[in-house]
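Thank you all for coming. Please have a look at the sequence and the model on the screen, and then I will walk you through some parts of them.

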Amino acid sequence: MTTLQKASREGPGGAARLLRYLGMPIFLGLACLALYLYISSKELDSIEQRNINAEVIIQQTARLVQLAAVSTVIVVILAVTAGILLTRPLTRRVTPAIVGIANIGQAVPSIGLLALFALTWDFGFWPAIVALVAYSFLSILRNTMVGLQQVDRSTIEAARGMGMTKMAVLFRIELPLAVPIILAGVRTALIINVGTATLGTFIGAGGLGEMINNALRLGRYDTVLIVGSGLVAILALFIDWLGSVAEDILRPRGL
Amino acid sequence: MTDRATEEQNRQTAETMIRLENLSKVFPGQDEPAVDDLSMEIYEGEIVVLVGPSGCGKTTTMKMINRIIEPTSGKIFLEGEDVTKANPDNLRRRIGYVIQQIGLFPHMTIADNIATVPRMLGWDKKRISDRVDELLETVGIDPSYRERYPKELSGGQRQRIGVARAMAADPPVMLMDEPFGAVDPITRDRLQDEFLRLQGEIRKTIVFVTHDIDEAIKMGDRIAILKQHSKIAQYDTPERILTNPADEFVQDFIGSGPSIKRLSLSRISDIETADWPVARLTDGHQHVREKVQNSSRDYVLLLDDRDQPRRWVSIEDIEHGDIPLEETGWPAVAIVEANSSLYNTLDTMITSYKGSAIVVDEEGRYQGVVDFETVLEVINAMRPPEQERHMRPPEQEQPRERTERDLRAGGGGP
């Protein structure tokens, strides 16, 4: 938190920045409260009670977060590594091919990708994770590559000229300078993954998608559907907010 | 001039710091070599300027010394040691490197930027911190800038930090690729002066690349004028290049007005300043009057309590004893620093009121006065003997205006 405080202290508009940090969580808290008050005012039948209760909500929300988080961690590790490797001079020749494959991953509709993995492999959590990774791979890969390529050549030349090894240049110069752009890609991937993970219910991966799906099948639109889709939206906005805070904190100072 | 002569003698006995032997570079996919069979020696403690038209291979040549560009063939010796196949990273830590774009690391503080090489060499924290302070002082940047980031600095300040960073681990050799190319002309002039002053103390061996012949003349102890493929057209002191261009190419490259350019080579500190009566603002009118009367001059120079020249006062000015000394006479303008070139001094004199220039030291303290006659004597001494002068092409005796324009244009062909 000290970094956060430092970041908010420096530069003009400290108050505006504080509002940006706190505004979104306050808004989302109010949205949760509104959802709760709305449901409390309704008479719920037994089907609705089975779908909307604390235990189910917590369990399904946790599952959705788990799907998005695990897939994002995996895709960050894989795609950033791939991005680094594909921007090295040695791999210049295979770069277009790999980027092409990553493109296919994103070009296929997400539900189709999920179904594909379920049919060829299995139903459940891990096939969903693999599908999510494949689906969001491109956004991080591309941002990593762009982030590394936009680093000023003269900065790298100065570093090499002073006797930094290639590894040192990568970790001390190139990656730190690429961090803002890589993080933007990670944030995009997180949002994609929260949205797509909702579809995970169709291949038995669980999550809040289940609540939405149930509501649609059972025709409980003004209760179960509102809670399910409302919670997914709140969760997505919250994760996006986390991403923006992370961007601010992790962006190297001086840029 | 005598200073330069002894310096030259010292160089004759100086150790060779860098030796390039039959160095060639052919870039992949090109038929013509960028550098073709270049051999040259650079002595310890001198500034060698590689100058030539764009595309002549001067930057490629320089970058082969620290092997940012690997030579296709030939050998590089540093302090007598063959480093052609040595570990390039270790080699580069012994060579300071300054490029035109400076290449400061934007995400690191000024202190961290400067500490780059010392950290790689494993210095302890205390030593690094002391060194950073020392270097900031050397390049004239306040130590309070330590924790700032490059984007908070002006172009000139960044350039100074770039130089400080290159000097951090006290490398014997520095490579500078158009280091002052990206700053405005006024800042460039100041940075050049500062750097020359600094070099007077640190005595590094410096390879300096530029396309600007005037910068080369100003900065270089020796200048290598390069043609296409880095072929050396002439490698000699600025004086000899200006007085004895080896061939037409060199002559064209120097451009017109080589004689005027030679004035850039002499500093006021090389010539004798005239004796001039001075008094202080705090002295009484009577004292000042006596000063003028006892000297052969018509007027006296008044200094303030910090020895800075303030006013010229003639005997008529103090006849009216009621005007305070600070307001009599006329203000002391046309002030030049002791390390200014005669070219700048002459320029100042021509535009000044009385045709003489006041010489001050770095802190602006009075040192002496140079008058027009003294400079004329120096110019006379520079002139070639009668006979030789008749053979010079007439274009070299052009009026001053034209020459200055050419100088500003960067010394292209006439």
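Let me begin with a question: in which sense, left-handed or right-handed, does helix 5 of chain A pass helix 7 of chain A? Helix 5 of chain A passes helix 7 of chain A in a left-handed crossing, where left-handed says that the near helix is turned anticlockwise from the far one by less than a right angle, and right-handed that it is turned clockwise.

Before I go further, a word on what we are looking at: this is a predicted model, in which local features need pLDDT of at least 70 and side-chain atom pairs count only at pLDDT 80 or more, while totals for chains, interfaces and linings use all residues. Residues are numbered from 1 along each chain as its sequence is written, and chains are lettered from A and ligands numbered from 1 in the order in which they are written. When I say helix or strand, I mean a DSSP run, of H or I and at least four residues for helices, of E and at least two for strands, numbered from the N terminus.

Back to our pair in chain A. Helix 5 (residues 95-107) of chain A and helix 7 (residues 125-149) of chain A pack at an angle of about 130 degrees, and their axes are 7 Å apart; axes here are lines fitted to C-alpha atoms, for helices over the stretch in contact, with angles from 0 to 180 degrees between N-to-C directions. That angle makes helix 5 of chain A oblique to helix 7 of chain A, given that angles under 35 degrees count as roughly parallel, over 145 as roughly antiparallel, 65 to 115 as roughly perpendicular and the rest as oblique. From helix 5 of chain A, the contact uses A:A102, A:N103, A:G105 and A:Q106, and from helix 7 of chain A it uses A:A134, A:Y135, A:F137, A:L138 and A:L141, with contact meaning that the C-beta atoms of two residues, placed from the backbone, lie within 7 Å. By class, this contact of helix 5 of chain A with helix 7 of chain A has 6 nonpolar, 3 polar and no charged residues, where Ala, Val, Leu, Ile, Met, Phe, Trp, Tyr, Cys and Pro count as nonpolar, Asp, Glu, Lys and Arg as charged, and the others, Gly among them, as polar.

Now to chain B, whose secondary structure comes to 17 helices and 17 strands. Of the 414 residues in chain B, 38% are buried, that is, they have 20 or more other C-beta atoms within 10 Å of their own, as against 12 or fewer for exposed and in between for partly exposed, again with C-beta atoms placed from the backbone.

Chain B also has a helix pair to show: helix 7 (residues 155-167) of chain B and helix 8 (residues 185-202) of chain B pack at an angle of about 25 degrees, with axes 10 Å apart. This makes helix 7 of chain B roughly parallel to helix 8 of chain B, and the crossing of these two helices of chain B is right-handed.

Next, the sheets, in which two strands pair if DSSP finds at least two bridges between them. One open sheet of chain B has 6 strands in the order 6-7-8-3-9-10, with mixed pairing, and its edge strands, each pairing on one side only, are strand 6 and strand 10 (232-236) of chain B. Within this sheet, the twist averages 15 degrees from one strand to the next.

Strand 3 (residues 47-51) of chain B is mostly covered, since 5 of its 5 residues are buried. From strand 3 of chain B, B:I47, B:V49 and B:V51 point one way and B:V48 and B:L50 the other way. Strand 3 of chain B runs parallel to strand 8 (residues 205-210) of chain B, joined by 5 bridges, and B:L50 stands opposite B:V209 in strand 8 of chain B. Strand 3 of chain B also runs parallel to strand 9 (residues 222-226) of chain B, with 4 bridges.

A second open sheet of chain B has 4 strands in the order 2-1-4-5, with antiparallel pairing. Helix 2 of chain B lies across strand 1, strand 2 and strand 4 (73-78) of chain B, at about 120 degrees to strand 1 of chain B. Of the 8 residues of helix 2 (residues 58-65) of chain B, 8 are buried, so this helix is largely enclosed by the rest of the structure.

Finally, where the chains meet, 20 residues of chain B are in contact with 17 residues of chain A.
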